[in-house]
Amino acid sequence: MVKQIIQQVVERSPCQFQQLETPSEEFTFYKAAHLSYQRFLVILDSDKLSIPSELNEYIQNNTPQSLLETPAFAKNTDLVILFRLDSLTELHQYEHKIFDIEENAYSLKKHILYYTETELEKLKHYLDSGESIETLVTESEPFNLYKKDPFKESAFSLACRLYVKFPFLSVPAKEATLTNANQLAEQYLSEKKLSDFYNSIELKLNVGNGYQEVMEALINEQMAD
C-alpha cells in the first residue's frame, strides 16, 4: 500500500518521475521525465536500519549497472528508505540510526520515511475519497491537531512526512486575503480603548506646532513614570 501512495506522489511531482525496470522487489528506481530535471529516485523497502557502510554496499550491489554508469546518477539521486513502525512512540529507539544514515554523505542522499500502518490506512482512506495530498497539507484544522499531539497517528502526519523526506516536493502556496493594516490598527486601538487618545494625537499633529507638543507630552509622561 505504501508503495502505491508513493508512486502517486512521485509521478505527480514537478520532476514527473517514471519508474524504471528493476530486478529487485525491495528496490524501485525512478528517473525524472521532465526535461528541466536531471534527477533520479531510489525507493528501498526495508524492515531494518543498517549501519551506513553496510547500506551503501547493499545499494551499490543492487543498482543496475546502466544507472551506475550514468554520470548524473551519483550526484542527483535521492534514496528514500521506507521503514515501518508499530507505533510512533517507537521512534526514539531509532532516532540515532536515522541520524547516522541521513547524515552519511557517501553513496546517494538518504532519507528515512518512517510510517505506521494506522497512518497509512488513514492516508489511503483520505485519498480514496477523492482528495489530494496537496489539499491535506494546506488545511489548517489537521495542522492544529497535529501541533497539539505530534505523535498522534493521522493522515496528516504521514502526508507532512512525505513532503519532508522527498526534497523535490514543495508545499503548495495557499492564497489568503490579507486584512488591511489600517483596519487591524483601528481594531486594536478600539479593543484597548485608545481610539480617543490616538485621535487627539492625530489632531494635534495636523495643527501648527502639534508635533512638538505631542513629543513634549510623551517625554513628560515617560519622565513621570
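My entries follow, starting with the ground rules.

**Ground rules.** I am working on a predicted model, where local features need pLDDT of at least 70, side-chain atom pairs count only at pLDDT 80 or more, and totals for chains, interfaces and linings use all residues. Residues are numbered from 1 along each chain as its sequence is written, and side-chain values use heavy atoms, with hydrogens and water left out.

**Overall make-up.** I count 12 helices and 5 strands in the protein chain; these are DSSP runs numbered from the N terminus (helices H or I, at least four residues; strands E, at least two). Of its 225 residues, 36% are buried. For burial I use relative accessible area: buried is under 20%, exposed over 50%, partly exposed in between, with a 1.4 Å probe and protein chains only.

I also looked up the accessible surface, which is about 14,800 Å², with 50% of that on carbon and sulfur atoms. That area comes from Shrake-Rupley with a 1.4 Å probe, and for residues only the protein chains shown count as cover. Among contacts with a separation of 6 or more, 64% join residues 24 or more positions apart (contact: heavy atoms within 4.5 Å).

**Helix α1.** Which residues are buried in α1? In this helix, residues 2–11, I find V2, I5, I6, V9 and V10 buried. They sit on the same side of α1, because their arc around the axis is only 130°. The arc is taken over directions from the helix axis to the C-beta atoms.

**Salt bridges.** My search of the whole structure gives 6 of them, each a side-chain nitrogen of Lys or Arg within 4 Å of a carboxyl oxygen of Asp or Glu.

- K165 pairs with E102, with 2.8 Å between the closest N and O atoms. K165 is in α9 (residues 155–165) and E102 in α5 (residues 91–102), so this bridge ties together parts 63 residues apart in sequence. I get K165 as buried at 10% relative accessibility, while E102 is partly exposed at 25%.
- E119 meets R161 at 2.8 Å, N to O. E119 belongs to α6 (residues 117–128) and R161 to α9, so the linked parts are 42 residues apart in sequence. Buried or exposed, these two? Both E119 and R161 are buried.
- K124 bridges to D128, the closest N and O atoms being 2.7 Å apart. Both are in α6, 4 residues apart, so about one helical turn separates them. K124 is partly exposed at 31%, and D128 is exposed at 55%.
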